[in-house]
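Good morning, colleagues. I would ask you to look at the structure on the screen while I speak, beginning with the sheet and moving on to the helices.

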Amino acid sequence: MKAIRCEMCESTDFLKNDGIYICQGCGAKYSVDEAKKLMVDLEEDNAKISNLYERARQSLEVDDLKNAAEYYKQILDENPKDWEAYFYSYLGETTTFTNNEAATVAKKLGNTIPPAYDMAIADCDGATATKRVQTISEKTSDRLTGIAATAATLLRKYEGGSRMSAAGSVNCNMYQNLRPVAVNTVAHCVLAFAPLEEKLQKILSANNNLDKESVKKSLLYIRRARYQIADMVFYPVSGTPERLIKPELIKEYAEKIHELDPSFSIPSVESKTNTSGGCYVATAVYGTYDCPQVWTLRRYRDNTLANTWYGRAFIHTYYAISPTIVKFFGNTQVFQRFWKKKLDKWVRNLNDNGFENTPYQDKKW
């Protein structure tokens with residue numbers, strides 16, 4: 001079966017009037033001779049598209065986003081309004097980039113992905129549209145998190161450096177040189193969530209047939225990812241923890257999560273960037289700086305160890321060497337098992353001796 005395909009909008013819906021073919025998709029007009037040149041075999045064309053879809057989805061199944069994007073681009077050439085082809089074509093462009101390009105890639109995602117929502121919810125039932133919104137939200141969030149992680153990984157190679165040694169001095173200099181790149185990348189990843197959130201909020205407020213609770217979950221997913229990126233902690237010279245995003249913004253992002261998930265506890269960001277430093281080993285073992293076990297240890301550090309000169313000396317020594325130890329061994333099972341057993345016992349003893357395990361804000365000493 002043959003049909004005319006509009007070169008402007010790819011539509012095959014035409015009306016003939018006084019010898020002129022008029023596209024019902026965009027209104028473009030073609031003469032008989034021009035229309036003949038635009039004739040396509042729909043069965044052959046559909047078979048080609050189906051084959052491209054199959055290859056693209058097979059690539060996605062094995063997490064080969066870059067290869068999938070190449071197939072989706074060919075589909076997009078045939079149908080510019082295909083949400084799946086549009087979304088994965090642009091998402092696939094984020095798989096390869098240099099450290100200096102990371103911020104630009106994140107910014108492009110924020111600019112190009114929102115239209116995919118509109119394409120995804122057009123001309124389909126509510127359940128299908130809702131599922132598509134979820135896919136776009138989660139996969140875009142994951143990609144932005146991955147882009148931010150590349151900057152974090154680069155910077156963390158040189159964390160905890162000390163100028164007391166030649167090698168440590170090199171690490172300190174590298175940290176400072178790479179810090180602007182990391183700041184730019186993390187900031188653009190965080191900013192890229194804004195147009196995604198704006199689009200989801202419009203979908204929520206619109207009169208459509210989508211499942212509102214599921215859309216809210218997609219919005220929550222985006223907010224959690226944004227907060228996770230903004231809340232990353234780094235350890236420069238002497239192990240003093242720092243964030244690349246302003247504390248007031250991190251708090252704002254946490255409050256946004258709390259709006260949709262009241263069970264989410266808004267942490268004290270200031271306590272993590274205090275000059276006292278972070279409990280590196282405990283944080284590595286328990287996975288967070290804000291949990292009952294680490295709150296107990298921080299109280300002991302500030303209210304007992306820090307009260308004596310030898311206690312303060314121990315703390316300074318600990319913060320000088322522990323970032324490096326955690327950097328190389330913190331994620332290993334041996335490290336986790338060894339220290340968790342010891343820390344659990346120590347925390348229990350401290351709790352038995354009156355040290356509370358409730359939320360705590362570090363002291364400056």
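Let me begin with a definition: two strands are taken to pair if DSSP finds at least two bridges between them. Please also bear in mind that this is a predicted model.

With that criterion in hand, consider β2 and β3, the latter covering residues 20–23. Four bridges join these strands, and they run antiparallel. Within this pairing, Leu 15 is placed opposite Ile 22 of β3. The sheet as a whole is open and has three strands, arranged in the order β2-β3-β4 with antiparallel pairing. Because β2 (14–17) and β4 (29–30) each have a single partner strand, they stand at the edges, and one side of each is left without a neighbour in the sheet. In general, strands of a sheet pair through backbone hydrogen bonds, either parallel or antiparallel.

I turn now to helix α4, residues 83–92, and to its contacts with two other helices, α6 and α7.

Take α6 to begin with, which spans residues 114–121. The axes of α4 and α6 come within 8 Å and cross at roughly 160°. Angles over 145 degrees count as roughly antiparallel, so α4 is roughly antiparallel to α6. The crossing of these two helices is left-handed. On the α4 side, the contact is made by Trp 83, Tyr 86 and Phe 87; on the α6 side, by Pro 115, Ala 116, Met 119 and Ala 120.

The partner α7 covers residues 126–156. Here the axes come within 11 Å of each other and cross at roughly 5°, which makes α4 roughly parallel to α7. From α4, Trp 83, Phe 87, Tyr 88 and Leu 91 meet Arg 132, Thr 135, Ile 136, Lys 139, Thr 140 and Arg 143 of α7. By class, this contact of α4 with α7 has five nonpolar, two polar and three charged residues.

Finally, I would draw your attention to Arg 223, in helix α9, residues 212–230. Is Arg 223 buried or exposed? Its relative accessibility is 3%, and the cut-off for buried is under 20%, so Arg 223 counts as buried. Leaving aside residues up to four places away in sequence, Arg 223 touches Glu 197, Gln 201, Lys 256, Ile 257, Glu 259 and Leu 260.

Thank you for your attention.

Notes
Residues are numbered from 1 along each chain as its sequence is written. This is a predicted model: local features need pLDDT of at least 70, side-chain atom pairs count only at pLDDT 80 or more; totals for chains, interfaces and linings use all residues. Side-chain values use heavy atoms; hydrogens and water are left out. Axes are lines fitted to C-alpha atoms, for helices over the stretch in contact, and angles run from 0 to 180 degrees between N-to-C directions. Angles under 35 degrees count as roughly parallel, over 145 as roughly antiparallel, 65 to 115 as roughly perpendicular and the rest as oblique. Contact means heavy atoms within 4.5 Å. Ala, Val, Leu, Ile, Met, Phe, Trp, Tyr, Cys and Pro count as nonpolar, Asp, Glu, Lys and Arg as charged, and the others, Gly among them, as polar. Buried means under 20% relative accessible area, exposed over 50%, partly exposed in between (1.4 Å probe, protein chains only). A crossing is left-handed if the near helix is turned anticlockwise from the far one by less than a right angle, and right-handed if clockwise.
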